[in-house]
Every structure is written in C-alpha cells, then in structure tokens.
Amino acid sequence: MTRCFPRHFARHALVLGAAFALAPAALAQTGPDLWSIPDSAPTQGVQSDTSALDMRAIDKTRALADAKLKSLTESGLMTARINDLSAYSDETVAGLGKILEEDSDPCTQAVRAAVYLDGHIEEADWTEVARGIERPWELAGEIALDQLIPDMNDVLTDLFSKLNVIDKALDAYGAYQKAKQHYAQTQLVRDGIAANDIVQEAARGNWTEAEIQQKRAALMKEAQSGAEEMLRAQEKIKEGLEAVDKRYDEKVQIAYYELKRDIGKVYGTISDRDLDMLMANGKFPNLKMSYDDKILAAGNERAKDHESVVERSYALMHKTQFATERALAQVDALARYSAPLARGDCADIRRDGPIAKPVKKPDTVSEVLKLPHDKLMIFLEKIGSKPSEAMLNCVCRAAGYGSPGTAQMYHPDTLGTYDKRYSCQHPGDPCIVSGYGCTRHPLPSDKRIWDSCAASTGEDITGAITAAVKARQAKSAP
C-alpha cells in the first residue's frame, strides 16, 4: 500500500487544488462556469447510441478545429495561451468550432479563437486554478476528515486515485463540492472571460470602429461609476460603524439609568458619584450583576453589528470592484482586438504589451494633389478634369499663404520680365503671393480646400480623382 507520510503532505497539498480543477471532466460539467456542478451527483451508466454518435461528432469537431488552429499558428497569427484542445471540455470545443465557421478571414478566425480559449483557460491551466484555491491547507484538512479512511496516511493517495478514474467519480463528488467552496476565480480568468464576451459580441455584430469607440466610451463611464460606488461603499462603512456605536452608547446609558432608578427606590434621589461609590463598595450585587449583563449583551451586539456592517460594505465593494475590472478589461479588449480587426490591421494585434495605435491610412486624393504641379496638371488633363484658372486662383487664395494685405493668385510661369534673381520673375511653384515682395508656393494638397473651391466653380476635381483611382484599381484587379 502506498503511503503518504506527513513530510510528503506539503508537496501533495500544493497540487491538491489542481487535482480538483481537473475533476469537471470526470464530473460531467454542464455549464460555462468551471464550478457549476449539478445539485445531485451525476448518474453512471452505459451511453446510448445517440450519445455515442454525439461523442464521435465532437471528436470530429475537435480534430478539425485542432487542424485549423495549427494552420493559423503556422501563418504567424495570434494563438491562445493554451492551444491544446485536448485540455478543454467538449462544450468549449463545440463553441470553438462554431466560431471558426462564422468567419472566413484567417486573422479574424485566429483572434476570435485565441480570445475564446483564453476565456476558458480555467479548464486548461490547472496552475491558474490552483492559484484560485483559497486556504489550501484548510481545504486539504476538510477533505481528509471527510474520507473516513482508517489509514490516514493513504488519504491523499486514495483521493488522487478517485479523481483520476472516471468510474470512481461519484466517490470524489463530495471532495469536489468542498473544492468548490474554496475556489475564487483569479484575475487572469476573470479578464479572459470578460474579453471573450465583448470580442465575440463585436464580431457577431459586425461593429464598425466608430461603434467600437462608442462602446469603449460607455464602458469607461461604467468603470468610473464603479470607482465612485466603491468610494461611497467605504464611506458607508464609517457611517454604519458610527450608527452602531451610537446605538451601543444609548443602551449603556439606558442600563445605567435603570440601575440608578432601582437603587433610588432605596436611597431616594442619588447622584452619579454616590452611585459609583456604592457599586465600588460592592453594594447591591444583584443589581450590579444585572447591569453588567446588560452592558455585556450590548457589547456583544455591537461586535456583531460591526461585523455585519463591514461584511455588507465589503460585499458591495467586491461586487463593484469586479464589475469595474470587467468593464476595464473589455475597454482594453476592444482596443486590442476588435478595433484592429474592424480596420483590417491584423499585424498590429498582440495579446500583451502596448496597444497598437491605428495607423492613419493616406488619403488617395491628397496623395495625388501632392504631385508636382506639372505632373498634377498632366494627370488631371488625362482624366478629363483639368481645372479652370478661376478654380486654381481660388485654391491658391484659400491656401492662406502670405500675410493680411497681400494678394494671392495662380501663375506658374514668369511674372513680368524674366529675372532669375526674383522668384516670381521666372517659372516655379504656381501660387504667387505679392504685396510685400513676391513669393511662390505649391498648390495645397488639402482635399477640403479643393472641395471648398469646387462649391463656387462647380468643378469636382477631387471627385474626378477618386473615380479615376477606383477605375484604375478595378482594371488592375485579377
């Protein structure tokens, strides 16, 4: 018989919580919560034909999903913290299969799959679950006492056997119940669940980047409200304790008045000083005992009320804290995963490290308008939209070159008599500013300036550029 002596107990107790984390697979977990177990023990028996078919179906789903994840990983796309599908429950794998079917884009598939599995990490990472076991020694002791095995040195060895053999799952059910009482989800688990919820919602809703930003703003307000609620909960602790102390003082005062009244029946009116002296001299022991009992009862009640106030306030603070943490985790997840997916920036998606800022894509029209003047005019003439002189004069004036009191106009050629010493008296940049001397400037590339002038001249130059670029792209597409 294998024995586990006390000197080995510490090593086994440290992994005891991990053993219970694996129990759901043997105990027919039925919900997304790792510790969501049925009220009654699971029944044992031979599977029906339908169950056998279901099992073969989920095995097929697991194999297909595993192959897909390996393909995505080989492409250098994002992966889950734990990508081994054998570590997850059938229900989780079935959900993953649906996610992989919902999108055809490999990047979206990879990100959604990784976030989804990270949201179920408590099924796969026993070390993370073990960190969520509170008071592991107390837990081990409770389970050991419940086993009722004569040889206590064999308690842990026998318990591990029960957890690892499905046929004995019912025997481990009580231990599993105990483990549930000592389990609290870690920050990594909570953040993973929160991120998965919001990322899948954004993907299924086809949220635009603008909608994502709106949701992030709403979640930030929710987090701010939660922080303010936590501050109010702290104030409520102080207010609650002060109210309890006030009730205690009142009860002590009443008990004192009652004692003074009873003794006054013998002595008549008596001062507080005389009453204190009588009590100090051991007079009226029965009345003194009754008074002391009342004070003791009031004190016990105050202690219980203090504990109740603190527990209620802390419960509210914890609830608010978790809600705030969830909102902040979702703010991060939307910026880290959903926003880059919405704008097609797959290469910028990272689980860890700083969130990549969106790269502003160049405006096609502005890029064309940045062409040197002669090349720009050739391009515009080729697409049949060469601007009029009135349009070009308007653009040069609207560019805002020069100081007040100067004149702006379009004139790319020599102004007046040719003289290479002066910029305006030989060809150059087409926008001339004259008044305090004469200077040349390039045509502005700001699309808004050209659109503003188009409103007065009726020449939609930017629209023509956009149409020409799209036509060229369509022509070159395979």
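The side chains of Lys-447 and Asp-451 meet in a salt bridge with an N to O distance of 2.9 Å, a salt bridge being a side-chain nitrogen of Lys or Arg within 4 Å of a carboxyl oxygen of Asp or Glu. The model is a predicted one, in which local features need pLDDT of at least 70 and side-chain atom pairs count only at pLDDT 80 or more, whereas totals for chains, interfaces and linings use all residues. Residues are numbered from 1 along each chain as its sequence is written, and side-chain values use heavy atoms, with hydrogens and water left out.

Both Lys-447 and Asp-451 belong to helix α18 (residues 447-457), where they stand 4 residues apart, about one turn of the helix; helices (H or I, at least four residues) and strands (E, at least two) are DSSP runs, numbered from the N terminus. Lys-447 is partly exposed, with a relative accessible area of 29%, and Asp-451 is likewise partly exposed at 28%, where buried means under 20% relative accessible area, exposed over 50%, and partly exposed in between (1.4 Å probe, protein chains only). Elsewhere, salt bridges that share partners join Glu-102, Asp-103, Arg-112 and Arg-204 into one network. By the rule given above, the count comes to 23 salt bridges.

A salt bridge also links the side chains of Glu-209 and Arg-343 (2.6 Å, N to O). Because Glu-209 lies in helix α12 and Arg-343 in helix α14, this pair ties together parts that are 134 residues apart in sequence. Glu-209 is partly exposed, with a relative accessible area of 27%, whereas Arg-343 is buried at 14%. Within helix α12, the side chains of Lys-265 and Asp-262 meet in a salt bridge of 3.8 Å, N to O, and their spacing of 3 residues in this helix separates them by about one helical turn. Lys-265 counts as exposed at 65% relative accessibility, while Asp-262, at 23%, counts as partly exposed.

Helix α12 (residues 209-267) and helix α14 (residues 285-343) pack at an angle of about 175 degrees, with their axes 8 Å apart; axes are lines fitted to C-alpha atoms, for helices over the stretch in contact, and angles run from 0 to 180 degrees between N-to-C directions. The two helices α12 and α14 are therefore roughly antiparallel to each other, the term applied to angles over 145 degrees. Their contact comprises 33 nonpolar, 12 polar and 17 charged residues, with Ala, Val, Leu, Ile, Met, Phe, Trp, Tyr, Cys and Pro counted as nonpolar, Asp, Glu, Lys and Arg as charged, and the others, Gly among them, as polar.

The second largest pocket has a volume of about 260 Å³, a pocket being, on a 1 Å grid over the protein atoms alone, an open set of points where a 1.4 Å probe fits, with protein on both sides within 12 Å along at least five of seven lines, and its lining residues having an atom within 4 Å of a point. Of the 15 residues lining this second largest pocket, Arg-81, Asp-191, Gly-192, Ala-195 and Tyr-337 are the closest to its centre. The largest share of the lining, 5 residues, comes from α14, and the lining divides by class into 7 nonpolar, 1 polar and 7 charged residues.

How values were computed
Angles under 35 degrees count as roughly parallel, over 145 as roughly antiparallel, 65 to 115 as roughly perpendicular and the rest as oblique. Grid points are joined across faces, edges and corners, and a volume is the space filled by probe spheres set on the points.
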